[in-house]
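Please consult the sequence and the structure shown below.

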Amino acid sequence: MKKYVLVLLISLISQFSIAQQFTISGYVKDSLSGEDLVGVNIYDKNNPENGTTCNAYGYYAINLPKGKHSIIYQFIGYDRKEITIDLQSNERFNIRLHSATLQLDEVVVTDTRTNENVTNTEMSTTNLSIKEIKSIPAFMGEVDILKVIQLLPGVQSAGEGNTGLYVRGGGPDQNLILLDEAVVYNTGHLFGFFSVFNSDAIKNTKLIKGGIPAKYGGRLSSVLDVQMLDGNDRQFHAQGGVGLISSRLTLQGPIVKNKASYMLSGRRTYADVLARPFLKGTQYEGNGYFFYDLNAKANYRFSDKDRVYLSGYFGKDVFTYKSSSSDFKINIPWGNATATARWNHLFSDKLFMNTSFIYNDYNFLTEGEQLNFKFTYGSGIRDYGVKTDFDYYLGNNHKLKFGASYIYHIFTPVTVSFSSSADSIDMSTNLMKKYAFEGGAYVLYETDISHRLRFNAGLRFSTFQQIGPYDHAQRNNEGIVSDTLHFAKGENVKFYYGFEPRLSLRLLLDDNSSMKASATFTKQYLHLVSNSSTTLPTDVWVASSLLVKPENAIQYAIGYFRNLSNNAFETSLELYYKTLSNQIEFKDGYTPEFNVETEEGFVFGKGRSYGAELLIKKNKGKLTGWIGYTYSKTTRTFPDINNGNPFPATYDRRHDLSIVAGYQLSDRWNFGAVFVYGSGNAYTMPEGWYMIEGNLVTQYGTRNSYRMEAYHRMDISATFSGKPDKKLHSDWVFSIYNVYNHLNPYFIFFENQGSLSAGNLDIRAKQVSIFPIIPSVTWNFKF
């Protein structure tokens with residue numbers, strides 16, 4: 001009996017203690033623009049362990065005991081703010097932080113907490129500010145978020161000048177890339193040489209390579225979460241730039257001062273416009289290429305409890321070619337469109353909700369014509385989704401997050417049509433569209449077990465259901481259709497589900513160092529299978545179905561994190577091990593067949609990747625930047641490929657090194673440099689040739705058993721800024737890509753000379769390189 005009384009007494013004391021605490025909450029914004037600040041560190045000066053950070057909308061809540069407190073708001077790049085309160089009840093404090101006046105000995109190019117990389121449970125995570133991204137030399141003058149991401153440890157590029165990402169052994173389709181919560185299915189312009197993200201319209205960029213929180217689902221390898229600017233709610237601003245290949249303009253300002261704002265940003269290449277007069281009358285007249293982007297966003301704050309956002313992205317590439325020597329012409333348009341409507345609501349100071357309605361669409365089309373012959377080729381995917389996320393601030397250092405999502409997918413398969421008026425031919429594929437529901441629900445809890453030990457545990461439950469109308473062809477051993485299964489509209493074709501547990505731990509060794517570990521289980525229901533080394537517009541997204549099972553991955557990671565010299569230096573060493581199942585490749589020798597589902601050309605296997613990542617980053621001083629190094633190995637094993645023996649993945653690279661540096665010489669001159677080195681990509685080499693019935697047949701060696709030459713280059717830039725006291729502020733950016741003009745391999749082809757029958761056959765491998773030294777200049781302005 002005494003035991004139960006003691007337990008009850010402890011419980012009552014605990015409840016009484018909690019009852020004596022109150023909550024302070026609010027939003028933290030930039031004092032000039034009114035932009036929400038994400039990740040601001042808020043804590044009690046007398047008890048720094050009692051703290052929190054702002055969420056993705058700048059909202060925070062912290063529980064404190066009754067009485068007097070000094071509350072610190074701290075964010076690098078901004079002046080620290082301290083307020084003193086006598087807490088007698090729940091209070092709301094909306095804070096505006098002033099941008100710090102940067103001295104030459106205290107230049108900072110990161111917007112994260114001073115020691116957040118040590119103290120929080122996040123590992124394998126990088127937050128990049130736009131200031132940091134713009135300080136890095138740009139390819140042809142175009143500042144590119146994805147190319148900067150490629151400079152981080154654990155991330156590999158798809159090839160020379162390309163924006164494709166390979167993260168810890170995963171393929172380019174295994175990255176969840178979000179723009180204001182909407183999935184971006186194709187991230188490249190100009191066949192992948194530029195990304196769809198206009199840096200002038202972007203506020204935050206966050207990359208997660210491991211320990212992925214339970215709120216994210218649908219991809220195996222990484223999350224790239226990109227947020228657009230909300231727009232200045234205090235005064236009108238404009239900024240833009242004029243470069244060698246494109247120009248851009250961004251407008252933002254208040255709709256209702258301190259209550260509503262907008263942002264419009266556009267970008268377009270103009271090589272086609274500039275070249276048109278010079279091509280007139282030549283064999284190249286009528287040819288051209290251009291792309292454009294449009295970002296738009298508006299928000300309205302009804303009160304501190306309710307706020308709505310509307311945002312959208314619209315981008316398109318158009319390539320046209322017309323032969324001067326024949327009637328052949330071709331038109332290839334492709335593009336993305338996304339739209340997001342969000343509603344923030346505070347049920348109480350402790351319970352924050354965001355509900356989003358999301359639309360995205362990606363489509364690709366090729367239209368060709370020659371004489372009386374016409375053809376079209378295209379595919380696409382369209383989504384309608386809704387998701388709700390809750391942040392519940394339970395108490396001191398106890399956070400609970402939970403939510404659910406639903407997506408309705410419409411897949412347009414590869415559609416091909418041919419017609420010839422001369423031969424009265426009119427053929428087209430009759431493959432049906434596919435329809436599917438994808439759902440998910442999650443819960444995530446983070447707390448401090450002790451002063452040194454913190455854990456973050458999450459569980460995600462995901463589902464995927466293909467529904468009718470759908471016809472499935474059943475084939476016999478000879479590959480001939482023997483029967484067809486018919487599924488009516490809304491009828492279940494195939495249903496998959498699974499649990500995805502996530503766990504992260506942080507052990508604080510001292511104020512400046514910690515150990516972290518994570519385990520992440522992920523599932524992926526959408527797949528992109530390609531014969532190329534990057535995501536091209538011709539690649540097709542396919543759904544999990546009767547033939548295609550969901551992909552699965554399990555990743556374990558452990559790391560040591562340490563800050564030095566009063567957080568001027570960040571260092572980390574991470575080790576990871578990842579296994580993958582139900583991986584997809586095309587069969588050896590696969591060629592598309594008319595009216596045959598793409599998935600019938602798939603084979604399935606498993607993969608493995610492991611490696612070590614080292615990062616040394618300097619945040620303060622005249623000289624800033626980082627050194628990143630990755631050692632990794634990635635293999636695939638398919639029963640139907642390479643006789644079932646493991647083979648290196650195409651993007652398996654043993655060594656990757658990136659050195660990024662920025663130097664602030666004066667108030668007006670800033671210099672930047674980048675050096676990258678990577679082991680050569682794996683490829684399959686012909687090992688012999690022989691004749692069969694007079695035809696030359698190539699015999700290939702073991703898959704991906706050869707390596708291209710190592711990739712390396714250096715880029716430099718210099719930025720000259722105008723006087724800051726003028727209303728119009730401008731700067732000139734001079735950059736050189738590939739300074740020492742190294743011809744890096746883009747692909748390998750084989751050239752035949754002579755003949756095998758004559759005994760003088762000579763076959764030589766030829767390397768194709770596309771980017772020599774490229775100087776560029778860009779003029780940027782703002783007012």
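Which residues does Asp233 touch, not counting residues up to four places away in sequence?

## Basis of the model

This is a predicted model, in which local features need pLDDT of at least 70 and side-chain atom pairs count only at pLDDT 80 or more, while totals for chains, interfaces and linings use all residues. Residues are numbered from 1 along each chain as its sequence is written, and side-chain values use heavy atoms, with hydrogens and water left out.

## Surroundings of Asp233

Asp233 touches Ser33, Gly34, Arg96, Pro254, Val256, Lys257, Asn258, Ala260 and Ser261, not counting residues up to four places away in sequence (contact: heavy atoms within 4.5 Å). Asp233 belongs to the loop between strand 17 (222–228) and strand 18 (237–242); strands are DSSP runs (E) of at least two residues, numbered from the N terminus. With a relative accessible area of 6%, Asp233 is buried (buried: under 20%; exposed: over 50%; partly exposed: in between; 1.4 Å probe, protein chains only).

## Aromatic pairs

The structure holds 34 aromatic pairs (rings of Phe, Tyr and Trp, the last by its six-membered ring, with centres within 6.5 Å; stacked means planes under 30 degrees apart). One of them, Phe390 with Phe402, is stacked, at 4.9 Å centre to centre and 15° between the planes. Phe390 lies in strand 25 (residues 373–395) and Phe402 in strand 26 (residues 398–420). Phe390 is buried at 17%, whereas Phe402 is partly exposed at 30%.

## Charge over a ring

Lys516 lies over the face of Phe561, 4.5 Å from the ring centre (NZ of Lys or CZ of Arg within 6 Å of the centre and within 35 degrees of the ring normal).

Conventions:
Helices (H or I, at least four residues) and strands (E, at least two) are DSSP runs, numbered from the N terminus. Rings of Phe, Tyr and Trp (its six-membered ring) pair if their centres lie within 6.5 Å; planes under 30 degrees apart count as stacked, over 60 as edge-to-face and the rest as tilted.
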